[in-house]
Amino acid sequence: MRYITIALAKGRLAELTIDLLEQAGLDVSELRVKSRKLIFTDEANKFKFILVKASDVPTYVEYGAADIGVVGRDTLLEEGRNLYELIDLGFGACRMCVAGPKELAGKLDAINNMRVASKYVNIAKHYYALEKKQSVEIIKLNGSVELAPLVGLSEVIVDIVESGKTLKENGLAVLEEICDLSARFVVNRVSMKVEKERIMGLADKLRALVAN
Ligand code: PRP
């Protein structure tokens, strides 16, 4: 029997994913040991787990280097890879929002050539071009995006809001909501055919667990 490989997004989703996989009966003990290893094995069930940067999970899965991935919907929308999205796992729930100084509430449509800073340039482009039909300048950042409106780099940001704490502590507010986000179970399209039984077996268990 060949191994089935699951790509886990390093960071905040990894812990929750590991807990869920354990509840589904997989042996995640190797993943619990603090180390710098990136690849782990469940010999009994013939599963491998790889730890990758969240934005790379869709790439590993699309190319088949991983059969399965667990990653946020934000990453899936941003990366736009050709994958099979099987389950909304529910955890990691947050929102993609336009945020900025609260004085701009209700005034965004009137700003000409508004500058929008974001890590999620594709999501931002799609939102402004197709939903808002507004011409804006998108500025790519790699983190600490909330800083941009505070120092005059942009008028607003497009970013994830979870608790809202980061916005609040920086004197910013949600101005528009773009979409809801949460962790998704995604599958390589070929793996879905050749390993259907084992993948659906795991998927059924996960579905039952997240439904409760
Ligand atoms: C994310 C996001 C916000 C924050 C939102 O950043 O970009 O900054 O979390 O969470 P909150 O609403 O609960 O405050 P992340 O921690 O991934 O770090 P980054 O700034 O390096 O992107």
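Two strands count as paired if DSSP finds at least two bridges between them. Strands (E, at least two residues) and helices (H or I, at least four) are DSSP runs, numbered from the N terminus. By that rule, strand β6 (residues 94-100) and strand β9 (residues 156-161) pair in the antiparallel sense over 5 bridges. Ala99 has Ile157 as its bridge partner in β9.

This is a predicted model, in which local features need pLDDT of at least 70 and side-chain atom pairs count only at pLDDT 80 or more, while totals for chains, interfaces and linings use all residues. Residues are numbered from 1 along each chain as its sequence is written, and side-chain values use heavy atoms, with hydrogens and water left out.

**Two domains**

The protein is divided into domain 1 (4-92 + 182-211) and domain 2 (94-179). These bounds come from an automatic or database domain assignment. The C-alpha centres of domain 1 and domain 2 lie 30 Å apart.

**The sheet with β1**

An open sheet is formed by 6 strands in the order β2-β3-β1-β4-β11-β5, with mixed pairing. Its edge strands, β2 (39-42) and β5 (84-88), each pair on one side only. The twist averages 25° from one strand to the next. Angles run from 0 to 180 degrees between N-to-C directions, and axes are lines fitted to C-alpha atoms, for helices over the stretch in contact.

Inside this sheet, strand β4 (residues 68-72) and strand β11 (residues 183-187) run antiparallel and are joined by 5 bridges. Gly72 has Ala183 as its bridge partner in β11.

Contact means heavy atoms within 4.5 Å.

| Helix | Strands it lies across | Angle |
|---|---|---|
| α1 (residues 12-23) | β1 (4-9), β3 (47-52), β4, β11 | about 145° to β1 |
| α9 (residues 196-211) | β1, β3, β4, β5, β11 | about 30° to β5 |

**The sheet with β6**

Here 5 strands form an open sheet in the order β8-β7-β9-β6-β10, and the pairing is mixed. β8 (137-140) and β10 (173-181) stand at the edges with a single partner strand each, so one side of each has no neighbour in the sheet. The twist averages 25° from one strand to the next. Helix α5 (residues 121-132) packs on this sheet and touches β6, β7 (115-118), β8, β9 and β10. The direction of α5 makes about 170° with that of β8.

**Where the domains meet**

In domain 1, 6 residues are in contact with 10 residues of domain 2. The area buried between domain 1 and domain 2 is about 670 Å², and carbon and sulfur atoms give 47% of it. Buried area is the accessible area (1.4 Å probe) that two parts lose on being put together, summed over both. Asp74, Glu78 and Gly92 supply 67% of the area that domain 1 buries against domain 2, more than any other three residues.

Between domain 1 and domain 2 the count is 1 salt bridge. A salt bridge puts a side-chain nitrogen of Lys or Arg within 4 Å of a carboxyl oxygen of Asp or Glu. The side chains of Glu162 and Arg12 form a salt bridge at 2.5 Å, N to O. Helix α4 (residues 73-79) gives the most to the side of domain 1 that touches domain 2, with 4 residues.

**Salt bridges overall**

The count comes to 17 salt bridges. One of them joins Arg2 to Asp67, with the closest N and O atoms 2.8 Å apart. This pair links distant parts of the chain, 65 residues apart: Arg2 is in the segment before β1, and Asp67 is in the loop between α3 (57-62) and β4.
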